Amino acid sequence: MNILQINSSARLDASHSSRLATSIVDRLRAAQPESTLTIRDLGRTPHPELDEAALQALFSPAELRTPQQAERVALDDALIAEIQAADVVVLGVPMYNFGVPSALKNWIDAIARAKVTFTYTDKGPVGLLTNKKVYVALTRGGLYRNTPADTQVPYLKTIFSFLGMTDVRFVYAEGLAMGPEAEQKALASAQSQIEDAVLA
Ligand SMILES: Cc1cc2nc3c(=O)[nH]c(=O)nc-3n(C[C@H](O)[C@H](O)[C@H](O)COP(=O)(O)O)c2cc1C
């Protein structure tokens with residue numbers, strides 16, 4: 001089993017979402033010790049945003065790209081290769097201003113590529129990243145699970161399903177800014193959700 005872990009917090013060492021993602025990975029590896037692990041830490045190694053130069057590079061035929069354009073496309077190619085090789089994708093995702101971190105959005109913009117990770121047919125779009133399980137560890141200062149203010153879960157379900165990944169399980173650690181007791185409770189609850197998610 002190939003596991004790909006994506007950390008998206010801007011916090012490098014004190015990130016709850018990255019730690020929870022690691023807990024999910026540890027749990028998966030305990031069950032299948034021969035698994036391989038690739039860690040893509042978007043806080044430590046931010047992926048560039050999709051600006052005009054990137055779009056021009058991506059939409060130029062490979063043989064006509066400048067060396068700089070080829071370099072830019074290669075950065076996205078590397079992320080696509082990582083997710084294509086993964087059987088399981090584990091993400092750590094903090095809530096930033098009611099959405100996903102821009103670092104994660106840049107990763108999504110890199111891996112969503114027409115004719116490579118999705119394609120359009122006469123019946124509509126078809127995702128090409130199939131046969132993968134996705135686990136997402138969500139961390140929040142407040143409490144937004146199952147409320148309209150939670151734009152993260154519907155967005156992530158939509159984009160992953162568009163790309164072919166329909167088995168997506170969420171683990172929530174909420175109320176992390178609501179005092180030490182609430183924080184401890186949230187993290188303990190997340191650990192038991194991890195057990196449930198991995199066994200489900
Ligand atoms: C820039 C920023 C924006 C945030 N926005 C929200 C928010 O909209 N809602 C919320 O519940 N918590 C918000 N928080 C709190 C984080 O979600 C919380 O601290 C979480 O633990 C961060 O994840 P991390 O520990 O992996 O870095 C925000 C934190 C930061 C740094």
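**Pockets, a ligand and a salt bridge**

The lining of the second largest pocket is made up of four nonpolar, six polar and two charged residues. In this sorting, Ala, Val, Leu, Ile, Met, Phe, Trp, Tyr, Cys and Pro count as nonpolar, Asp, Glu, Lys and Arg as charged, and the others, Gly among them, as polar. The model is predicted: local features need pLDDT of at least 70, side-chain atom pairs count only at pLDDT 80 or more, and totals for chains, interfaces and linings use all residues. Residues are numbered from 1 along each chain as its sequence is written, and side-chain values use heavy atoms, with hydrogens and water left out.

Stay with the second largest pocket. Its space comes to about 160 Å³. Among its lining residues are S9, R11, S15, H16 and S17. P94, M95 and Y96 also line this pocket. A pocket here is an open set of points, on a 1 Å grid over the protein atoms alone, where a 1.4 Å probe fits, with protein on both sides within 12 Å along at least five of seven lines; lining residues have an atom within 4 Å of a point. Grid points are joined across faces, edges and corners, and a volume is the space filled by probe spheres set on the points.

Now the ligand. It is surrounded by 16 residues, and the closest are S9, R11, S15, S17 and N97.

In the side chain of S15, an N or O atom is 2.7 Å from an oxygen atom of the ligand. H16 uses a backbone N or O atom, 2.8 Å from a ligand oxygen. For F98, a backbone N or O atom lies 2.9 Å from an oxygen of the ligand. Alone, the ligand exposes 630 Å², and the protein buries 73% of that. These areas come from the Shrake-Rupley method with a 1.4 Å probe.

Next, the largest pocket. It holds about 280 Å³ of space. Of its 14 lining residues, the closest to the centre are L58, F59, A112, R113 and A114. The lining divides into 10 nonpolar, no polar and four charged residues.

Last, charge pairs. There are 11 salt bridges (a side-chain nitrogen of Lys or Arg within 4 Å of a carboxyl oxygen of Asp or Glu). In one of them, E195 pairs with R27, and the closest N and O atoms are 2.4 Å apart.

Technical notes: Near = heavy atom within 4 Å. Polar contact = N/O pair within 3.5 Å; in protein donor to acceptor, adjacent residues only side chain to side chain.
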